[in-house]
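Here's a quick briefing to read alongside the model. Have the sequence and the 3D view open as you go.

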Amino acid sequence: KEGSIKINYDKEENKYYLGNMFNKEKDSYRSPYTNIYFPEHYINSYVPPEHLRTLEILYNNIFDRYRKAYYMNGLSSVYLWPNPIEDGFVACFLIKKEEIFDKETNIEWEATHLIQVNIRNLNVYYQISCTINFEIKKYNDNLLLSGNINKALENSKKVTDLYLIKDQYFHMENMGYLIECMENSLRKSIEYIYILKIQDMLNSIKHYNFTNHLTYNNSNKNISNISNSLIFSREYIQKELQTKIKQVRKKKKEKKSIF
């Protein structure tokens with residue numbers, strides 16, 4: 001698991017950057033700007049070889065444009081290291097954004113895109129794993145909603161020119177397309193899995209309350225009907241008694257008149 005994304009500070013460049021387990025050494029994180037670990041730099045800490053460091057700087061600049069286009073604000077960082085299995089490399093793309101939704105609600109979004117690039121002759125294989133974590137909180141730290149979703153896939157590309165593989169923009173174009181597709185897919189999954197699920201839960205609660213309300217109303221109607229029936233019966237009995245009393249009195253008068 002990639003773990004949560006931390007916000008760190010590069011005091012040499014006076015800039016904030018992102019860190020997780022892929023650029024971490026003990027309690028310090030390597031900056032993509034200066035290639036130095038902060039808050040403490042260790043002598044034997046990993047730094048990428050020159051050719052990967054060149055790509056890392058380029059990819060950070062390009063991915064920052066992607067972040068601005070899709071997220072407008074927030075932070076992004078990219079880290080590279082050698083592929084331990086085949087020719088190629090591994091890249092980690094990070095995005096973190098905190099958004100104030102309203103006066104009481106705060107939204108936090110973290111995206112981690114881990115891509116392993118495997119080069120075999122004239123075939124390039126991209127193995128990508130994307131994870132998105134999000135939280136919706138009140139300012140009193142009461143958690144309203146949190147979610148974690150992951151998706152992985154593999155994509156291959158055949159090239160006719162070996163020099164194209166060495167082109168510094170070639171892999172970024174392919175990886176950028178995969179990241180864009182995966183993020184759009186994960187956003188839709190979040191919308192359908194989490195948001196609609198909550199709506200269903202709310203609807204079920206509303207339906208439950210509505211059902212109870214109907215039952216309550218039906219009970220009230222039944223009680224009202226029974227009450228009306230009783231009132232009608234009482235009035236009917238009273239009228240009937242009054243009629244009988246009148247009949248009895250009439251008969252008594254008739255008897256008196258005879259005698």
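How does Glu-108 count by relative accessibility: buried, partly exposed or exposed? Glu-108 counts as partly exposed because its relative accessibility is 22%; buried means under 20% relative accessible area, exposed means over 50%, and partly exposed is in between (1.4 Å probe, protein chains only).

A word on the ground rules. This is a predicted model, where local features need pLDDT of at least 70 and side-chain atom pairs count only at pLDDT 80 or more, while totals for chains, interfaces and linings use all residues. Residues are numbered from 1 along each chain as its sequence is written, and side-chain values use heavy atoms, with hydrogens and water left out.

**Salt bridges around Arg-30**

- Searching the whole structure turns up 10 salt bridges, each being a side-chain nitrogen of Lys or Arg within 4 Å of a carboxyl oxygen of Asp or Glu.
- One of them pairs Glu-56 with Arg-30, at 2.8 Å from N to O.
- Glu-56 sits in helix α1 (residues 50-70) and Arg-30 in strand β4 (residues 28-30), so this pair ties together parts that are 26 residues apart in sequence. Helices (H or I, at least four residues) and strands (E, at least two) are DSSP runs, numbered from the N terminus.
- Glu-56 and Arg-30 are both buried.
- Arg-53 joins in too: Arg-30, Arg-53 and Glu-56 are linked in a network of salt bridges.

- Lys-96 and Glu-108 meet through their side chains in a salt bridge of 3.2 Å, N to O.
- With Lys-96 in strand β7 (residues 87-100) and Glu-108 in strand β8, the pair ties together parts that are 12 residues apart in sequence.
- Lys-96 is buried, as its relative accessible area is 7%.
- Lys-97 has a salt bridge as well, with Glu-99, and the closest N and O atoms are 3.5 Å apart.
- Lys-97 is buried at a relative accessible area of 17%, whereas Glu-99 is partly exposed at 33%.

**Ile-107 and its contacts**

- Look for Ile-107 in strand β8 (residues 105-120); Ile-107 counts as partly exposed because its relative accessibility is 25%.
- Leaving out residues up to four places away in sequence, Ile-107 touches Lys-97, Glu-98, Glu-99, Phe-101, Glu-135 and Ile-136, where contact means heavy atoms within 4.5 Å.
- The C-alpha atoms of Ile-107 and Phe-134 are separated by 7.3 Å, with the two residues 27 apart along the chain.
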